[in-house]
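Open your viewer and get ready to click along. This tour tells you what to select at each stop and what you will find there.

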Amino acid sequence: MAAIVDAEKARKLSLFRPLGYQRNSCGYCKSEDGSAAYYTSSVSVRPAHYEELVNRGWRRSGTLYYKQNVQRSCCPHYTMRLEASVFKPRKDQRKAINRWNNFILGPEYIRRAAYLCPKSREEKKHRKCNFDLLTSVHEVEYSNVKRPIDPKTKKCLEPAHRFEVNLEGDSISQAKFELFLKYQTKVHKEDVSRWQQKDFKRFLCSGMTRTPADLKSTEKKLGSWHQCYRLDGKLIAVAVLDLMPNGVSSVYIFYDPEYEQWEFGKLSALREIALTIEGNYRHYYMGFYIHTCQKMRYKGTFKPQYILDPESHAWDPLDGELAKKLDERPYVSLSRDRRLAAQDTPHSAVDDVADADAEINDEEVSLFDLHMPGVMTLEEVKALDLDHWLLLVHGSFVHMIDLVGWEKMPIDHPQSVKGIIAELAASLGPNLFHESAVVLFD
Ligand SMILES: [Zn+2]
């Protein structure tokens, strides 16, 4: 029998293993089962496909991919993104970079450099009135620091510190693991026993496929990368990044707690915004936004910030109407509000539906009965050609319809194979459906 997928097409597919819908404890309000999400795992997701998922409310943690049911979770996780090209840093953000740059150069260097390579009056005036993000981010990297010969010492004028930042592969190293442990125990007060090297690897060093393989290539970088910060040769911070065709997604940052005073959260975000602009990625994703979580409010200070509408998948400005509504209630979909307003539905009727839904034990019913926001309806999934969705079995592809008994399986039953497959298709969405295959048995 001829293969149903040629090697070329097979290489372009993303593979997903459905894990299903689950309630879990919430890390923000500490409720025991407050957070509900649909899960799938994969060791093979293409960056363009991940971007499609992110823009449908998904995120990944290592090889685990999940989409929260924002309507039925105590602390809804909204997907947010920044339009990088129009970003204007605030005063405190500019200050963080300037402080760090002064620390790297040091007073002695700054004094001598002002004498040895003086700036023109226009240059000084321009710098005083304009803050250029790209210049500020890069100017103290060692390769960009001017090191003129100082006639007094007959040696090159050296900055106080040698600072280097490189985008590297997401491979694991002893230095990265030790830095991570130091960060988790000191900053997040976690017990050292919580993290084994293999857990760290699964969490931050097992991302999407990375291209190009050759670091010197000028091709757009995609996949899972580590931006490594080194001070005087020593690794002091690692920013874990997912690079997608039209977006840079910040996964995690860990740094040496000795440098906490320099606000690495801010510094890394600013550097990643610069990367977004320079690499022509357009959008910068700072991870989920949880309106009720005070610690997250800082994300809103990077503007202009947009929030993904959980139902229409449109992007709404975080400021204004949306922020006001989020102050009043946890779940907001502006498209839903507009739809209800157009139907002139009395508000009490909407509340009744929500109350009835609240009674459902959501782990027992099908995703379709839950009406999870941003998931295709059963009718929409039935319109897809589920019978010919690809299934990877022992290294080769077959069609779903090749499964014994497939035709008789109930599609709306969450425990039947067809039900499991249908829920996965509904969550991934119609575009990815055509570019993916399912892993179920091996
Ligand atoms: Zn919560």
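Start by selecting residues 78-83, strand E5: five of its six residues are buried, so the rest of the structure largely encloses this strand. Here a residue is buried if 20 or more other C-beta atoms lie within 10 Å of its own, exposed if 12 or fewer, and partly exposed in between, with C-beta atoms placed from the backbone. Strands (E, at least two residues) and helices (H or I, at least four) are DSSP runs numbered from the N terminus. The model is predicted, so local features need pLDDT of at least 70 and side-chain atom pairs count only at pLDDT 80 or more, while totals for chains, interfaces and linings use all residues. Residues are numbered from 1 along each chain as its sequence is written.

- Strand E13 (residues 288-289) pairs with E5 in the antiparallel sense over two bridges; select Thr-79 and you will find its bridge partner, Phe-288, in E13.
- Strand E14 (residues 305-308) is joined to E5 by three bridges, again antiparallel; here Leu-82 stands opposite Gln-305.
- Strand E12 (residues 283-285) runs antiparallel to E5, with two bridges between them; in E12, Leu-82 has Tyr-284 as its bridge partner.

Next, colour the open sheet of seven strands, in the order E3-E4-E2-E1-E18-E16-E17, where the pairing is mixed. Which strands stand at the edges? They are strand E3 (58-61) and strand E17 (396-399), each with a single partner strand, so one side of each has no neighbour in the sheet. On average, neighbouring strands of this sheet are turned by 40° against each other, direction ignored. Such angles run from 0 to 180 degrees between N-to-C directions, with axes as lines fitted to C-alpha atoms, for helices over the stretch in contact.

Zoom in on E17 and strand E16 (residues 390-393), an antiparallel pair with four bridges. Pick Val-393 and you will see Ser-396 of E17 opposite.

Now select residues 417-428, helix H14, which packs on the sheet and touches strand E1 (14-24), strand E2 (35-41), strand E4 (64-68) and strand E18 (436-439). Two residues are in contact if their C-beta atoms, placed from the backbone, lie within 7 Å. The direction of H14 makes about 95° with that of E1. From first C-alpha to last, the 12 residues of H14 reach 17 Å, close to the 16 Å expected at 1.5 Å a residue; the expected span is 1.5 Å times one less than the number of residues.

Is H14 largely enclosed or open? Nine of its 12 residues are buried, so the rest of the structure largely encloses this helix. Step past the end of H14 to Gly-429, where phi is positive, near 95°.

Finally, zoom out and colour by domain: domain 1 (7-74 + 304-436), domain 2 (88-156) and domain 3 (163-263), with bounds from an automatic or database domain assignment. The centres of domain 1 and domain 2, taken over C-alpha atoms, are separated by 49 Å. In total, the protein chain has 15 helices and 18 strands, and 32% of its 442 residues are buried. Its C-alpha atoms fill a box of roughly 90 × 60 × 45 Å along the principal axes.

How values were computed: Two strands pair if DSSP finds at least two bridges between them.
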